[in-house]
Each structure stands twice: as structure tokens, then as C-alpha cells.
Amino acid sequence: MVDVSGKAETARVAVARAVVKMKPATLRAVRRGNAPKGDVLGVARTAGILAAKRTSELIPLCHPLRLTRVDVRFDGRGRPGELAVEARVGTVDKTGVEMEALTAVAVAALTVYDMVKALEKGVTISRVQLVEKRGGKSGHWRR
């Protein structure tokens with residue numbers, strides 16, 4: 001691990017996004033909440049939050065951080081059959097929360113897949129990416 005003991009604690013925020021592509025009929029079932037496994041978005045939101053909190057256990061060289069905010073949201077208003085997933089993670093700590101935001105969005109998207117695979121096997125997850133970060137020595141960055 002990188003030594004961060006000499007760094008100052010600052011407010012830090014990271015935002016990551018992913019896209020889950022499925023048939024429009026599958027997305028309608030997700031929106032209605034009547035997929036075979038139940039409330040897809042509620043379960044995926046919870047999974048993303050839990051994943052962010054456990055990032056240091058999943059990614060070998062990540063520091064454990066004291067997260068102050070994890071927000072996972074979904075937007076199905078884009079292209080037909082596309083569900084955008086966004087995670088916004090915050091902390092006041094010595095290192096950034098980019099990996100926590102990316103982990104949250106990836107696990108939330110994987111959870112959507114798991115919960116709709118009975119309806120459709122061809123679901124894809126794409127464009128998992130960091131879109132913004134604030135705080136720390138490098139300051140503000142936006143894709």
C-alpha cells in the first residue's frame with residue numbers, strides 16, 4: 001500500500017457510471033418492480049452501497065476509508081433498454097474514493113444482471129468509468 005500518513009484529511013467525492021443494456025421489455029419489468037427476483041433497483045442500490053463499504057476487502061491495495069456518503073441511482077430515460085447506474089461516494093480522509101465509486105457502480109450493475117437473467121440472458125454491462133472526482137492534491141477532475 002502507498003503510505004498516506006503524511007497527507008492531510010480533506011473532503012473527497014468521486015462519481016462513477018455504468019450502463020446496463022437489456023431489451024425494453026426487461027427494463028419495463030425492472031421499472032414496474034415485478035422481475036422474478038423482486039425489486040431489482042432496491043436490491044441493486046443496497047448491493048452497490050455495501051460494495052463501496054467493502055472495497056478495501058475486494059481490491060488488494062486499497063486503503064480502508066471512512067465513507068461519509070454512498071448514493072447509488074438509476075436512470076432508464078436514455079436509449080431504449082438502457083439503464084444508467086451512477087454512484088456518488090464521499091469521505092473526509094487522506095486518499096480518494098474513486099475505487100469505492102467504481103466498485104459500487106460495478107456491483108450495482110452486476111446485481112441488476114443477476115436479478116433479470118431469468119428474463120434475459122443477453123444483458124450487457126458497459127462503460128464502467130469514473131466521471132468526476134473532487135478533493136485531494138490533484139483537485140477537481142471531470143471526464
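Predicted model: local features only at pLDDT ≥ 70, side-chain atom pairs only at ≥ 80, totals over all residues.
I count a salt bridge when a side-chain nitrogen of Lys or Arg lies within 4 Å of a carboxyl oxygen of Asp or Glu.

**Entry 1: Arg-134 and Glu-132**

I found that the side chains of Arg-134 and Glu-132 meet in a salt bridge, at 3.1 Å from N to O. Arg-134 is partly exposed, at 42% relative accessible area. Glu-132 counts as buried, with a relative accessibility of 7%.

**Entry 2: salt bridges elsewhere**

How many salt bridges does a search of the whole structure find? My search gave 14. Side chains of opposite charge can pair when their charged atoms come close.

I took Glu-9 next. Its salt bridge is with Arg-66, and the closest N and O atoms are 2.8 Å apart. Glu-9 sits in the segment before strand 1 (10-21) and Arg-66 in the loop between helix 3 and strand 2 (67-75), so this pair ties together parts 57 residues apart in sequence. I noted Glu-9 as partly exposed, at 43% relative accessibility. Arg-66 is also partly exposed, with a relative accessible area of 47%.

Then I turned to Arg-17 and Glu-86, whose side chains form a salt bridge at 2.6 Å, N to O. Arg-17 belongs to strand 1 and Glu-86 to strand 3, so the pair ties together parts that are 69 residues apart in sequence. Glu-86 is buried, because its relative accessible area is 19% and the cut-off for buried is under 20%.

**Entry 3: Val-131**

Back to strand 4 (residues 124-134), where I picked out Val-131. Val-131 is buried, at 10% relative accessible area. Which residues does Val-131 touch, leaving out those up to four places away in sequence? I listed Val-15, Ala-16, Arg-17, Trp-141, Arg-142 and Arg-143. Arg-17 in that list is the salt-bridge partner of Glu-86. I also checked Val-131 against Glu-98: they are 33 residues apart in sequence, and their C-alpha atoms are 9.5 Å apart in space.

**Entry 4: helix 1**

I went through helix 1 (residues 24-32) for buried residues and found Thr-26, Leu-27, Ala-29 and Val-30. Why do I place them on the same side of helix 1? They cover an arc of only 155 degrees around the axis, and that puts them on one side. I then asked what these buried residues pack against. My notes give helix 2 (40-53), strand 3 (82-93) and helix 4 (98-116). Strand 3 also holds Glu-86 from the pair above.

**Entry 5: a nonpolar patch**

Last, I looked at the surface. Leu-58, Ile-59 and Met-99 form a nonpolar patch there, with about 240 Å² of accessible area together. Leu-58 lies in helix 3 (residues 55-58). I marked Leu-58 as exposed, because its relative accessible area is 52% and exposed means over 50%.

Key: Residues numbered from 1 in each chain as written. Heavy atoms only, no water. Buried < 20%, exposed > 50% of the residue type's maximum accessible area, 1.4 Å probe, protein only. Helix = DSSP H or I, 4+ residues; strand = E, 2+ residues; numbered from the N terminus. Arc of directions from axis to C-beta. Contact = heavy atoms within 4.5 Å. Patch = residues over 30% accessible without salt bridge, like charges linked within 9 Å, V, L, I, M, F, W, Y side chains within 5 Å. Areas by Shrake-Rupley, 256 points an atom, 1.4 Å probe, with all protein chains shown as cover.
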